[in-house]
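Here are my notes on the model you sent over.

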Amino acid sequence: DSLIDCYKQMNSTDIHPPLSYMINYIFFQFTGDWRIVRSIGAILVSTSLWFFWSVREKNIAEISFNKVDTWFSYMLICLNPTVLLWATGIRWYTYMVILVCILGMLFYAKGKWINNKYLFWGVYFLLCVLVFHLEYSGAILIIASFLCFLMKRKDKIKEEWYIVLLFGLLAVAAVAYQIYIFLTIHYANGQHE
């Protein structure tokens, strides 16, 4: 079995997009143990939750990793067994939580790089493509987040509309095949379950 075989099998037999299976497959190839794969997911989820929580109101450069309260909050909240079990309980959910946290960090991000319209919208639409390849219901998150980002950048949108259109069309092209698979295979497979 290869990563390509994993991709083909999930796209022909499952009801979900293949990205979460592929990520787990890669981790399994490196570790050889599904418990370690799940532990890696838990660490990634807890770290992304913590980063979102830490940078929500700050510039990344302003985060102090030396503060006792920062580490204490990480241990109490992000390493809480309930959070870790919940976030790793469904195969695609682990990576969706991570992407939602990254979208949240992007929404609250500050600094000079955020003013680079190409970088900002490029990162945003790349995240949207990944979200869609993780779970089809992520389309709701994509639409909602897009509206939120448009509102947040409403003062800049007159000068950024062509960038939004360009990256938006590229994102649609990047998910077009998976939309086709959803409509022709995955939706039909879901009707039989």
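1. Which helix is tyrosine 7 found in? Tyrosine 7 belongs to helix 1, residues 3-13; helices here are DSSP runs of H or I with at least four residues, strands are E runs of at least two, and both are numbered from the N terminus. With a relative accessible area of 26%, tyrosine 7 is partly exposed (buried means under 20% relative accessible area, exposed over 50%, partly exposed in between, with a 1.4 Å probe and protein chains only).

2. Before going further, some ground rules. This is a predicted model, where local features need pLDDT of at least 70, side-chain atom pairs count only at pLDDT 80 or more, and totals for chains, interfaces and linings use all residues. Residues are numbered from 1 along each chain as its sequence is written, and side-chain values use heavy atoms, with hydrogens and water left out.

3. Back to tyrosine 7 and its surroundings. Leaving aside residues up to four places away in sequence, tyrosine 7 touches Pro18, Met22, Tyr177 and Gln178 (contact means heavy atoms within 4.5 Å). Proline 17 is 10 residues from tyrosine 7 in sequence, and their C-alpha atoms are 8.8 Å apart.

4. Now the whole protein chain. The chain has 9 helices and 0 strands, so from the N terminus on its elements run α-α-α-α-α-α-α-α-α. Of its 193 residues, 37% are buried. Among contacts between residues at least 6 apart in sequence, 70% join residues at least 24 apart. The accessible surface comes to about 11600 Å², and 69% of that belongs to carbon and sulfur atoms (areas come from the Shrake-Rupley method with a 1.4 Å probe; for residues, only the protein chains shown count as cover).

5. Helix 6 is worth a look. The 16 residues of helix 6 (residues 93-108) should span 22 Å at 1.5 Å a residue, and the end C-alpha atoms are 22 Å apart, which agrees (the expected span is 1.5 Å times one less than the number of residues). Buried residues of helix 6 include Tyr95, Met96, Val97, Ile98, Leu99 and Cys101.

6. On to the aromatics. Rings of Phe, Tyr and Trp (its six-membered ring) pair if their centres lie within 6.5 Å; planes under 30 degrees apart count as stacked, over 60 as edge-to-face and the rest as tilted. The count by this rule is 18 aromatic pairs. One aromatic cluster is formed by Phe52, Phe107, Tyr108, Phe120, Trp121, Tyr124, Phe125, Phe146 and Phe149.

7. What sits over the ring of phenylalanine 120? The charged end of arginine 153 does, 3.8 Å from the ring centre (the rule asks for NZ of Lys or CZ of Arg within 6 Å of the ring centre and within 35 degrees of the ring normal). Likewise, the charged end of lysine 152 sits over the ring of phenylalanine 107, 4.8 Å from its centre.

8. Arginine 153 also has a salt bridge, with glutamate 160 at 2.6 Å, N to O (a side-chain nitrogen of Lys or Arg within 4 Å of a carboxyl oxygen of Asp or Glu). Glutamate 160 is buried at 2% relative accessible area, and arginine 153 counts as buried at 6%. The count is 2 salt bridges. Arginine 35 and aspartate 33 also form one, at 3.1 Å, N to O; arginine 35 is exposed, with a relative accessible area of 65%.
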